[in-house]
Amino acid sequence: MATEPTPVLILPQMPPVIITPVPTTTLAVPAPAPTPSPSTSPTATTTSATTPPTPTPSPQPATADENGLIRITTNSADQARPVISGNWIAWQDQRNGNYDIYMYDLSTGIETQISTGSENEYRPQISGDRIVYWGVNPTKVYLYNISAKTTTIVDSGREPNIDGEQIVYTKYGNLYLYNISTRQSSLLSFANSSFGYSISLPAISRSDIVFQDNVSLYHYNQGAPPARKLSVAGKTPYDNPVSGSRLITTDGANAYLYDLVANTSKKLTNQSFGSLGNISISGNQVVWNGDNDIYLYDLSTNQLKTLIS
């Protein structure tokens, strides 16, 4: 009987050897706790319209050729409506079958797909590190924050334009203003009474808003209402036509400069372009495309030159 307790005492010593590796393998499985990560996804989904993919290196780095040109895209699909702010360029891209919004960082050479929906998204506008655009089915206005990499639905609507903290857009032919800081959208008081639900193509610069109503062009200053009709040739283009108090318009053949403070108009070009559009202005620089070429006009020197032909 004295010899039997000895094996009994040996058996309790073995389980610690066996049990020691078992907890490390079984407890290691629940330790990462994968369940919290899905709980963060619904939160991002409710505040974000789309979750952009991780940026991938662009096949074309931001280096200029012998003519000083930088090729941004190499895909054979249609890329259109480019806009630029600092080192960031945004455009609409049809490489996936429908139009999506893409962005390119000149400082890193990285291209990022911003929208990933199955429907078309159109006409990006950019101010600082924010990009606005609109999509169809149903029509919605989107705001993409480049720094935060988040996309937010602003409202149902179309044709957004942005300047700083302000987004102007149309909704059922009316004109709306959205404040990014307060996240408040408001119908401008004049918009649904005088214009018969036909407002389109708004643009904003500081307190000045320019928009089109049928064939006429109007200017609205947020500090000095009401809206007033402008006696200017042509219409406001889709892209950024306002910079400070300067407005650029076109009649399809020539470009015009309108001073919103002095109420004066000046014809910039004396040649008739077969098709002039997609005008953009920043400070003294005005660019547009005409007759399949891209032109740059310097308001400080009144010089016109061809950039790409």
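**Strands 4 and 5**

I looked up M103 to begin with, and I found that its bridge partner in strand 5 is T112. Strand 4 (residues 100–105) is joined to strand 5 by four bridges, and the two run antiparallel. For these entries I take strands as DSSP runs of E of at least two residues, and helices as runs of H or I of at least four residues, numbered from the N terminus, and I take two strands as paired if DSSP finds at least two bridges between them. In the hairpin of strand 4 and strand 5, which has four residues between the strands, I noted that G109 takes a positive phi near 75°.

I note here that this is a predicted model, in which local features need pLDDT of at least 70 and side-chain atom pairs count only at pLDDT 80 or more, while totals for chains, interfaces and linings use all residues. Residues are numbered from 1 along each chain as its sequence is written, and side-chain values use heavy atoms, with hydrogens and water left out.

**S115**

I then went to S115, which I found in the loop between strand 5 (110–113) and strand 6 (121–127). Is S115 buried or exposed? S115 counts as buried because its relative accessibility is 1%, where buried means under 20% relative accessible area, exposed over 50%, and partly exposed in between (1.4 Å probe, protein chains only). The side chain of S115 reaches the backbone nitrogen of I101 at 2.8 Å.

**Backbone angles**

I looked up the peptide bond between N137 and P138, and I recorded it as cis, with omega about -10°. P138 has its place in the loop between strand 7 (130–135) and strand 8.

Y172 has a phi near 55°, a positive value in a residue other than glycine, and I placed Y172 in the loop between strand 11 (166–171) and strand 12 (174–179). Y172 counts as exposed, because its relative accessibility is 69%.

L201 also went into my list, with a phi near 50°, which is positive in a residue other than glycine. L201 is found in strand 14, and its relative accessible area is 12%, so L201 is buried.

**The sheet of strands 14 to 17**

I followed the open sheet that four strands form in the order 14-15-16-17, with antiparallel pairing. Its edge strands are strand 14 (199–205) and strand 17 (228–229), each of which pairs on one side only. How many bridges pair strand 15 with strand 16? I found six bridges between strand 15 (residues 208–213) and strand 16 (residues 216–221), which pair in the antiparallel sense. F211 stands opposite Y218 in strand 16.

**The nonpolar core**

The largest core has 13 residues, of which I248, L268, I279, V286, W288 and L299 touch the most other members. The elements that give two or more residues to this core are strand 20 (255–259), strand 22 (276–282), strand 23 (285–290) and strand 24 (293–298). Strand 22 gives the most to this core, with three residues.

I also looked up D259, whose place is in strand 20. D259 is partly exposed, because its relative accessible area is 25%.

**Pockets**

I ended with the pockets, where a pocket is an open set of points on a 1 Å grid over the protein atoms alone at which a 1.4 Å probe fits, with protein on both sides within 12 Å along at least five of seven lines, and lining residues have an atom within 4 Å of a point. The largest pocket has a volume of about 1,700 Å³, a volume being the space filled by probe spheres set on the points, which are joined across faces, edges and corners. It is lined by 45 residues, of which P82, V83, I84, I89 and V287 lie nearest its centre. Strand 2 (residues 79–85) gives the largest share of this lining, seven residues.

The second largest pocket has a volume of about 230 Å³, and I found it lined by 10 residues, of which L143, T150, T152, Y178 and R183 lie nearest its centre. Strand 8 (140–145) and strand 9 (150–156) are the elements that give two or more residues to this lining.

How values were computed: A polar contact is a pair of N or O atoms within 3.5 Å; within protein, one must be able to donate a hydrogen and the other to accept it, and residues adjacent in sequence count only if both atoms are side-chain atoms. A nonpolar core is a set of buried Ala, Val, Leu, Ile, Met, Phe, Trp, Tyr and Cys residues joined through side-chain atoms within 4.5 Å.
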